[in-house]
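User: I would like to know what the labels on this model rest on. Please set each value against its definition.

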Amino acid sequence: MFSYIGRRASHSILSVIGLLTLVFFLTRLTGDPSALYLPLDATAEARAAFAKLNGLDQPIPWQFAEYLKDLLHLDFGQSLRQNRSAMEVALQAFPETLKLAFVAITLSTALAILVGSLAAARPGSLFDRIASVTSLAGASAPDFWVAIVGILVFAVGLELLPTSGTGTWAHWIMPIFVLMLRPFGLLVQVVRSTMLSALASPYIKTARAKGLRRQKIIFGHALRNSLLPVVTVAGDLATSLVNGAVVVESIFGWPGIGKLMIDSIIQRDFAVVQSTILVTATAIFILNIAIDLLYAVLDPRIRY
Amino acid sequence: MKSAHDSILKGEGPILKIEGLTVDFLSNDEPVRAVDDVSFHVNRGETLVILGESGSGKSVSTSTVMDLVDCPPGDIVGGSCLFDGTELSRLDAEGRRNINGRRIAMIFQDPLAYLNPVYTVGRQIAEVFESHDAARGKQARANAIELLRRVGIPEPESRVDFYPHQFSGGQRQRVMIAMAIALKPDILIADEPTTALDVSVQAQILDLLRDLQRETGMALVMITHDLEVAASMADRIIVMNGGKVVESGLAQEVFSNPQHPYTRRLIGALPHGEAAETSHRRSTEIAGATLLKVEHLTKEYVLASGAFAGKRTFRAVDDVSFEVRKGETLGVVGESGSGKSSIARILLRLNDPSSGQAIYAGENIFEMCGKRLVAFRRKVQMVFQDPYGSMNPRMNVRSIISEPWAIHRDLLPRSNWKDRVAELLDLVGLRPEHAERYPHQFSGGQRQRIAIARALASEPELIVCDEAVSALDVSIQAQVIDLLADLRTRLGLSYIFITHDLPIVRHFADRILVMKQGKIVEEGPTSALFSAPQHEYTQSLLKAVPKPKWLMSTEAPRAVPGAPRPERTRNGSMAG
């Protein structure tokens with residue numbers, strides 16, 4: 001197993017290097033930062049000095065070599081906008097995103113497993129139909145629209161919740177709810193369909209022939225066997241949340257990594273863009289390895 | 001047996017009495033009547049065999065007893081199931097739970113599918129105790145270990161923590177049996193318990209069931225399509241066909257003097273040793289030239305290397321040489337894991353061999369590539385065990401059969417495809433209008449006929465049948481074998497017929513190879529091999545074919561010495 005993790009990690013490092021290379025050159029295509037950071041009437045000398053200070057006067061391949069050299073010393077560059085270590089900026093924002101992602105994905109998975117299982121236990125029942133309709137609606141509603149309507153109704157209209165920012169628990173409610181919608185909707189559908197096939201499988205007959213209680217059959221035997229596809233989809237959804245829920249974080253002013261990323265791109269804060277991508281990519285690789293290991297825990301037939 | 005007679009003499013009523021049971025299955029059209037006015041009873045301690053082919057309603061009727069029929073699509077139209085004075089159909093969920101697993105237990109055909117793959121066998125056995133409040137925790141685990149020991153699992157203390165996939169097929173069935181007898185039920189229902197097993201393993205499992213029955217005095221209801229298994233187990237027998245009971249009585253009487261035409265036909269299809277010597281299914285002359293010559297074929301698999309073990313290799317096929325002549329049927333017999341299917345796959349170039357060569361019509365198969373390989377693949381076809389799995393469910397029969405012509409363009413002009421499909425369907429005993437149907441709309445035997453038609457479509461010279469009839473009912477098996485024999489005579493085909501089922505090859509094969517652990521242990525003409533088997537393994541295979549219970553006089557004393565028949569641990573009132 002450890003050799004498996006080692007192998008996966010080394011593959012991941014290669015991918016991260018590839019990704020950083022790509023990002024490095026792509027960000028430089030967005031334009032010259034000095035156009036943004038210096039006044040419009042700045043002199044050519046001032047621009048040249050700014051470029052020299054930030055190492056932007058060198059040819060791009062040279063800059064890249066410098067960047068790689070600094071990476072080896074764990075120097076990830078300076079933020080132009082905030083004038084401090086780019087990695088510090090990224091690592092400050094990342095926990096905010098993680099908290100949001102963790103709560104949203106845990107809650108929606110747990111809820112979806114419950115709703116999906118109960119729906120599959122009695123297919124065609126009223127509960128099943130309600131679950132199907134709500135989950136479909138959840139999976140297909142555009143999150144930015146729900147977020148804006150939510151702000152209009154609960155923050156502006158009813159004045160129950162804050163419009164944006166962080167601080168109190170009330171600030172969590174709308175972002176979490178909006179982030180949960182899609183994962184919940186998709187997962188209910190996944191849980192329901194895998195549970196339906198699990199409940200029709202032979203070992204469930206055995207469980208019934210053994211005289212097990214109904215809950216035990218549904219949650220002990222069928223659900224346990226349905227978890228693999230659920231973990232796959234939930235992991236995929238978690239990945240997209242860890243990546244920074246750009247839209248939701250921007251709308252609710254949540255100081256997460258998604259918002260930081262989009263701001264840095266607009267501001268041509270190259271070092272920060274690169275650092276945020278390094279952070280999220282690493283997190284996603286770790287997450288993927290964790291999911292693979294979870295497979296082996298859930299299904300004894302899977303061994304690495 | 002003794003116990004059965006005892007209970008009849010004591011005037012006890014039957015433990016289970018089913019009367020007028022009728023079950024429909026709802027479909028889009030008319031509901032299908034799966035079980036039609038079926039009545040039977042089971043006495044304490046006896047073995048009742050329900051004999052019938054697939055679709056005869058035998059499994060549905062016993063599943064109804066356990067309340068395992070899903071409603072819908074199932075619909076229990078009428079009838080009563082009286083178990084020890086309780087009407088089962090009137091029980092609520094909790095009452096039902098008290099019967100299932102505790103007083104009536106069931107084992108199934110395919111233990112791999114019927115065991116939960118994600119839990120250890122120990123946990124699954126312990127669950128029976130826990131859900132019926134008979135034991136918990138450590139005690140339940142200890143009981144599970146004891147049960148595993150009883151059913152003959154070696155090293156039960158460590159194997160108790162193994163998962164189902166880590167056991168062999170026979171051991172899995174033993175685990176199922178352990179689970180079923182955990183609470184010493186009054187009735188054990190065994191639904192085709194040995195159908196998926198090798199013949200020697202089958203014999204062991206049947207022995208185990210007999211022993212357990214003697215120990216616990218439980219009634220055994222055994223469902224099977226296998227007449228030999230039926231004869232070897234049954235005190236009484238009922239024969240089902242088309243959802244109805246067509247015959248019932250004491251086993252020996254039913255077998256020696258079948259009344260109903262269906263039973264007669266069924267028993268007529270049973271391969272009898274004497275008749276085989278003059279079998280019309282063997283080819284009359286085998287003077288043909290050598291078609292295929294296999295020399296020193298070896299296939300090694302590299303097993304995954306563990307953290308502390310180096311690379312290990314496993315020889316699936318070990319230095320195998322044989323030849324097939326034109327118009328000949330070569331039977332390859334062996335139990336699962338003997339390497340017989342590996343040979344088939346290698347010869348079809350589905351897998352590559354580790355070493356050795358196979359000369360087909362003067363050319364080494366393993367060196368063919370490009371056009372030559374395509375031409376070779378046209379001439380050698382395969383019929384698989386599971387016709388359902390080897391057909392694309394979204395293609396209809398016409399496209400399945402005509403696919404070879406789409407691959408081998410020069411075989412047949414497109415304009416003739418339709419007629420040729422009809423012709424082939426006719427040849428394998430199906431109707432031309434079947435061409436527009438899909439695989440799931442056919443029975444197992446019909447699907448195997450389609451598979452044969454598909455194999456014939458490319459006008460092959462050699463057909464490799466890998467357990468081609470193993471999944472079929474006895475009478476269907478006979479029909480398919482007849483068909484293959486007929487096609488051989490008419491089209492001059494050769495067969496490599498791979499099977500674990502000895503009686504079948506006895507009828508059909510001209511020559512037989514017996515394989516064990518990748519090696520050929522014995523080879524010879526069919527009649528010689530059956531009348532005077534040389535190798536110990538062949539002898540044990542032949543012996544493992546079940547013998548009728550009424551002829552097992554030598555085994556009867558086994559029950560007597562030492563222990564008297566154990567007292568029933570529970571009386572009728574069901575203490576707890």
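This is a predicted model: local features need pLDDT of at least 70, side-chain atom pairs count only at pLDDT 80 or more; totals for chains, interfaces and linings use all residues.

Analyst: Residues are numbered from 1 along each chain as its sequence is written, and chains are lettered from A and ligands numbered from 1 in the order in which they are written.

User: Why is H225(B) called buried?

Analyst: A residue is buried if 20 or more other C-beta atoms, placed from the backbone, lie within 10 Å of its own, exposed if 12 or fewer, and partly exposed in between. H225(B) has 22 other C-beta atoms within 10 Å, so it is buried. Buried residues make up 46% of the 576 residues in chain B.

User: Where does H225(B) lie, and what is it in contact with, leaving aside its neighbours within four places in sequence?

Analyst: H225(B) lies in the loop between β8 and α10 (227-233) of chain B. Helices (H or I, at least four residues) and strands (E, at least two) are DSSP runs, numbered from the N terminus. With those neighbours left aside, H225(B) is in contact with G52(B), E53(B), S54(B), D473(B) and V474(B); contact requires C-beta atoms, placed from the backbone, within 7 Å. The C-alpha atoms of H225(B) and V294(B) are separated by 37 Å, although these residues are 69 apart along the chain.

User: How do you know that β7(B) pairs with β8(B)?

Analyst: Two strands pair if DSSP finds at least two bridges between them. Strand β7 (residues 187-191) of chain B has 5 bridges to β8 (residues 219-224) of chain B, and the two run parallel. Among the partners in β8(B) are L220(B) for L188(B) and M222(B) for A190(B). The pairing of β6(B) with β7(B) is also in the parallel sense, over 4 bridges, and I104(B) has I187(B) as its bridge partner in β7(B).

User: What makes the β-α-β crossover from β7(B) to β8(B) right-handed?

Analyst: The test is that, with the strands pointing away from the viewer, the path from the first strand over the helix to the second runs clockwise. Here the chain passes from β7(B) through helix α9 (residues 199-216) of chain B to β8(B), and the crossover is right-handed.

User: What makes β6 and β10 of chain B edge strands?

Analyst: The open sheet has 6 strands with mixed pairing, in the order β6-β7-β8-β3-β9-β10 (chain B). β6 (104-107) and β10 (244-250) each have a single partner strand, so one side of each is left without a neighbour in the sheet.

User: Why are α10(A) and α13(A) called roughly antiparallel?

Analyst: The axes of α10 (residues 214-242) and α13 (residues 270-298) of chain A come within 10 Å and cross at roughly 170°. Axes are lines fitted to C-alpha atoms, for helices over the stretch in contact, and angles run from 0 to 180 degrees between N-to-C directions. Angles under 35 degrees count as roughly parallel, over 145 as roughly antiparallel, 65 to 115 as roughly perpendicular and the rest as oblique. That makes α10(A) roughly antiparallel to α13(A).

Conventions. Two residues are in contact if their C-beta atoms, placed from the backbone, lie within 7 Å.
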